[in-house]
Amino acid sequence: RTANGGVISGEAANSGSVAVTADGGNAYGIDAKNGSEVKAANIGSVTVSSTASAVGVNAANSSAAISGMKDLSVSADKTAYGVEAYDNASVSGDLGGLTVKANDEATGVTASGGATVKLTLDGNMSVTGTNYALGADVYGGSNAALVLNGGADINSATGTAVGADTSNSSLKLAMNGDLNVSGDHAWGIEAYDSASVDVSGLKNLTVTGSAVGFIAESSDLKATLAGDVTINSTSRGAYGLQATASSVDVSGVRNMTVTAASGDANGLLAVDSRVTADLGSLSVISPVGEAYGVFISSDKTSAVNVANGLTVKGVKGGSGIEAAGEAHKITVGGLTDVNIAANGTNAIAAADGSSIALNGGASLDVTGTGDVSGIKANGGNVTVSGDKAVVKASTTGAGAKAYALNNIGSGDITINTGDAGVELTAKAASGDA
């Protein structure tokens, strides 16, 4: 079927596949508007294309119910949407795979203006936009419940790519596959402005670009995985998890790897937030900038468990673990390996009742230009167990001090490795050590 800027709407049942093409105008595969109700059953595959904008399933102040649709493919020179619901509309049903491509902006599923979307995809989701690519975009007081029984690939050649973006709305995303996001700016899962996001069943999350895995601002975010999180920043900085004034719960991560090729690298960064994280291992590396493994500054209690090892390496500064503001609890089961050069301050620091337990031993080496501490306790507690505690601290600054162990106030630093495994070194250019 061909339409010049037209629409195909109404009720379709057992009608085979549908193809809609618009040359110069917008194209709609299934269109519900003006308070209408559209039902589409067993229509096979739907293909929608336009030299302007294209939408596979569109609902405005109406409802659209689809069932038995095999695959939905949408392409446009400008903007393309797989499923779009807005103005208190609702879209529900199931389909096979979803493919969306646009030379400008492409979105898989979007709900806005109080809309509701309940959708199951039995196949994969693929979204490609030259300037912008979004897997799911939920905002404006809307609700979306998505089931992805396959994986999702979200790609933008020169712009921004986001796996799922939620603002002032609710998103429940159940997956049984991997989520891959790549772009100049790339984010995995986002929650903003009092959003509620719940992700389950995600296997592996890979984000490439100026990359962030999970980001929450004034929102609630929960993610349950059964695989790895790989954050590879090819430009600017990289974050595994970034939380501001939020509540975040991430579990089931086997290995989280955060690498910044041309900026700073941050593993878990929480400010004024409560974070609960359960990781197998955490590796944070910047060969050109600063690196921070776990950094928590909040009056809301957080708990981070890294069952195996923690590795943090930054050539221009950073820290391994810093916790302050409340009685946070951070535990590392394997070796804690921290190497911070140039502008470091602390390899490990606990304040304000926080507790840091390095149960698999520690190899800490920090260099800075000001006062430097290998392990610092300022009203907090740090315990090192296992077979070794190698702590090195050095400073090149005039009059600056270096401490292998720096215990301030009521805090405690405890080494339980035995004398044979302890090596403490402090060097200062002209100050005390």
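Student: What joins the side chains of Ser373 and Asn406?
Tutor: A polar contact of 3.1 Å does; the term covers a pair of N or O atoms within 3.5 Å, where within protein one must be able to donate a hydrogen and the other to accept it, and residues adjacent in sequence count only if both atoms are side-chain atoms. This is a predicted model, where local features need pLDDT of at least 70 and side-chain atom pairs count only at pLDDT 80 or more, while totals for chains, interfaces and linings use all residues. Residues are numbered from 1 along each chain as its sequence is written, and side-chain values use heavy atoms, with hydrogens and water left out.
Student: Is Ser373 buried or exposed?
Tutor: Ser373 is buried, because its relative accessible area is 3%; buried means under 20%, exposed over 50% and partly exposed in between, using a 1.4 Å probe and protein chains only.
Student: Which residues does Ser373 touch?
Tutor: Leaving out residues up to four places away in sequence, the contacts (heavy atoms within 4.5 Å) include Thr345, Val366, Tyr403 and Asn406.
Student: New topic: how many aromatic pairs does a search of the whole structure find?
Tutor: The search finds one. Tyr292 and Phe295 have ring centres 6.3 Å apart and planes at 80°, so they are edge-to-face. Rings of Phe, Tyr and Trp (its six-membered ring) pair if their centres lie within 6.5 Å, with planes under 30 degrees apart counted as stacked, over 60 as edge-to-face and the rest as tilted.
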